[in-house]
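The following exercises concern a single protein chain. Work through each task with the sequence and the coordinates at hand, then compare with the solution.

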Amino acid sequence: DQRRFDAEVVGIDRRTDVALLRIAASNLPVVTVGHSSELCPGEWVAAMGAPFGFERSVTAGVVSANPRYMPGGNGVPLIQTDVALNPGNSGGPLFDERGNVVGMNSMIYSASGGYFGVSFSLPIDTAMRVADELRATGHVTRGHIGARTQPLTAELAPAFGLDAALGALVVRVDADSPAEAAGLRSGDVVLAVGAAAAAMPYAEIQERVASAAQGTAIAVAPRR
């Protein structure tokens with residue numbers, strides 16, 4: 001409704017590019033928050049934003065992959081779609097076909113800077129979890145078990161008797177760390193974290209460890 005407010009920055013999380021703001025206002029319109037974890041490839045989604053300054057623009061497409069982990073993305077999960085995103089869409093909502101917000105539009109994969117059919121949004125489950133922590137403490141704390149790892153490449157996988165380049169290769173275990181106490185050692189390959197039975201991509205293992213609350217116990221499936 002064109003009202004403007006002065007906002008206070010409650011906290012910023014650089015890894016997910018999420019900031020939480022506080023404004024003095026009441027009776028604001030709100031959206032319904034959905035669950036990004038329920039999105040499947042092929043489902044219709046729509047993005048709203050202001051590409052190139054054209055406000056309240058809507059583009060639509062389908063989910064291409066969920067979750068998608070980008071190389072060098074620090075284990076942050078993303079929703080890949082073919083929804084047209086351009087400069088001005090970042091930070092806008094991604095809706096499912098029921099009108100629920102399932103993501104926050106983040107970036108595109110492009111050689112020219114323009115839309116090439118590969119767009120990415122931060123899952124709303126991740127964004128809301130970050131916002132809750134920013135609201136509670138002003139910052140985001142991520143879990144760490146004291147093990148330094150690297151991706152298991154296609155060249156390394158056969159040496160460990162593995163067919164696929166999945167998992168995290170432990171290259172160092174910190175002294176007096178939870179990883180040391182659990183019995184992990186250099187040369188182990190962590191195939192999965194949590195209750196999952198199948199081997200996981202390296203980035204997903206990073207995300208699962210990082211999203212675990214400090215002081216909680218997590219199960220890992222190592223291979224020696």
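**Exercise 1: an open sheet**

Task: Describe the open sheet of four strands, with its order and pairing.

Solution. The strand order in this open sheet is 9-10-11-12, and the pairing is antiparallel. Strands here are DSSP E runs of at least two residues, helices are H or I runs of at least four, and both are numbered from the N terminus; two strands pair if DSSP finds at least two bridges between them. Strand 9 (147-151) and strand 12 (220-223) each have a single partner strand, so one side of each lacks a neighbour in the sheet. Between strand 10 (residues 168-173) and strand 11 (residues 189-193) there are two bridges; L169 has V189 as its bridge partner.

The model is predicted: local features need pLDDT of at least 70 and side-chain atom pairs pLDDT 80 or more, while totals for chains, interfaces and linings use all residues. Residues are numbered from 1 along each chain as its sequence is written, and side-chain values use heavy atoms, without hydrogens and water.

**Exercise 2: a proline in a loop**

Task: Is P51 buried or exposed, and which residues does P51 contact?

Solution. First, locate P51 in the loop between strand 3 (44-49) and strand 4 (57-69). Next, take its relative accessible area of 13%: P51 is buried (under 20%; exposed is over 50%, partly exposed in between; 1.4 Å probe, protein chains only). Finally, leaving aside neighbours within four places in sequence, P51 contacts (heavy atoms within 4.5 Å) S57, N86, P87, G88 and N89. The C-alpha atoms of P51 and P87 are separated by 5.4 Å, although these residues are 36 residues apart along the chain.
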